[in-house]
Amino acid sequence: QVQLVESGGGLVQAGGSLRLSCAASGRTFSIDAILWFRQGPGKEREFVTSISWSGGITYYADSVKGRFTISRDNAKNTVYLQMNSLKPEDTAVYYCAAPRTGSSWSRPDYWGQGTQVTVSS
């Protein structure tokens, strides 16, 4: 099993920044990557970004490219999501998730509890 705990959410004005953290524990050697998803009010959950656990390869949704940066600290088993130039449409609950090695990244096996990000206009 892998446990994921998010932190760092909060309320920020448009144009501001926040940094989210996702701390992983347990059998972290069994996961392929850490992904961030978000679900805004009345919206479906959507992919935000991902980073491979070993090679650090990253992917971003078009909506956040150039504004969000994902990084990892393997020594701390923690992934960070730096969010800059935040917009009201970034308001959502942000979840980190992890697929087991060889599993589909579109349906991760492990999920955190989520952290609320609210961007005021």
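Figure 1. At 0% relative accessibility, cysteine 96 is buried, where buried stands for under 20% relative accessible area, exposed for over 50% and partly exposed for values in between, with a 1.4 Å probe and protein chains only. Cysteine 22 is buried as well, at 1% relative accessibility. The model is predicted: local features need pLDDT of at least 70 and side-chain atom pairs count only at pLDDT 80 or more, while totals for chains, interfaces and linings use all residues. Residues are numbered from 1 along each chain as its sequence is written, and side-chain values use heavy atoms, with hydrogens and water left out. Cysteine 22 and cysteine 96 are joined by a disulfide with an S to S distance of 2.1 Å; a disulfide is a pair of cysteine sulfur atoms within 2.5 Å. The count by this rule is one disulfide. The link of cysteine 22 and cysteine 96 is right-handed, with 70 degrees about the S-S bond. Cysteine 22 belongs to strand β3 and cysteine 96 to strand β9 (residues 92-98), so the pair ties together parts 74 residues apart in sequence. Strands (E, at least two residues) and helices (H or I, at least four) are DSSP runs, numbered from the N terminus.

**Figure 2. The open sheet β1-β3-β8-β7.** Four strands form this open sheet in the order β1-β3-β8-β7, with antiparallel pairing; two strands pair if DSSP finds at least two bridges between them. β1 and β7 are at the edges with a single partner strand each, so one side of each is left without a neighbour in the sheet. On average, neighbouring strands of this sheet are turned by 15 degrees against each other, direction ignored; the axes are lines fitted to C-alpha atoms, for helices over the stretch in contact, and angles run from 0 to 180 degrees between N-to-C directions. Six bridges pair β3 with β8 in the antiparallel sense, and cysteine 22 stands opposite valine 79 in β8. β7 and β8 also run antiparallel, joined by six bridges, with serine 71 opposite tyrosine 80 in β8. The hairpin of β7 and β8 has four residues between the strands, and asparagine 77 takes a positive phi near 50 degrees there. Five of the six residues of β8 are buried.

Figure 3. The largest nonpolar core and valine 79. The largest nonpolar core has 28 residues; such a core is a set of buried Ala, Val, Leu, Ile, Met, Phe, Trp, Tyr and Cys residues joined through side-chain atoms within 4.5 Å. Leu4, Ile34, Trp36, Phe68, Val79, Met83 and Tyr94 have the most contacts inside the core. At least two residues of this core come from each of β1 (2-7), β3, β4, β5 (46-52), β7 (68-73), β8 (78-83), β9 and β11 (115-120). Arginine 38 and its polar contacts. Arginine 38 is located in strand β4 and is buried, at 4% relative accessibility. The side chains of arginine 38 and glutamate 46 are joined by a polar contact of 2.6 Å. A polar contact is a pair of N or O atoms within 3.5 Å; within protein, one must be able to donate a hydrogen and the other to accept it, and residues adjacent in sequence count only if both atoms are side-chain atoms. The side chain of arginine 38 also makes a polar contact of 2.9 Å with the side chain of tyrosine 94. With residues up to four places away in sequence left out, arginine 38 touches residues including Glu44, Val48, Phe68, Glu89 and Asp90.

Figure 4. β4 and β5 run antiparallel and are joined by six bridges. Arginine 38 stands opposite glutamate 46 in β5. The hairpin of β4 and β5 has six residues between the strands, and glycine 42 in the turn has a positive phi of about 75 degrees. β5 also pairs with strand β6 (residues 58-60) in the antiparallel sense, over three bridges, and threonine 49 stands opposite tyrosine 60 in β6. Five residues lie between the strands in the hairpin of β5 and β6, where glycine 56 takes a positive phi near 75 degrees. Five of the seven residues of β5 are buried, so β5 is largely enclosed by the rest of the structure.

**Figure 5. Serine 30 in the loop between β3 and β4.** Serine 30 lies in the loop between β3 (18-26) and β4 (33-39). Serine 30 is buried, with a relative accessible area of 16%. Apart from neighbours within four places in sequence, serine 30 is in contact with Val2, Pro99, Arg100 and Thr101.

Key
Contact = heavy atoms within 4.5 Å.
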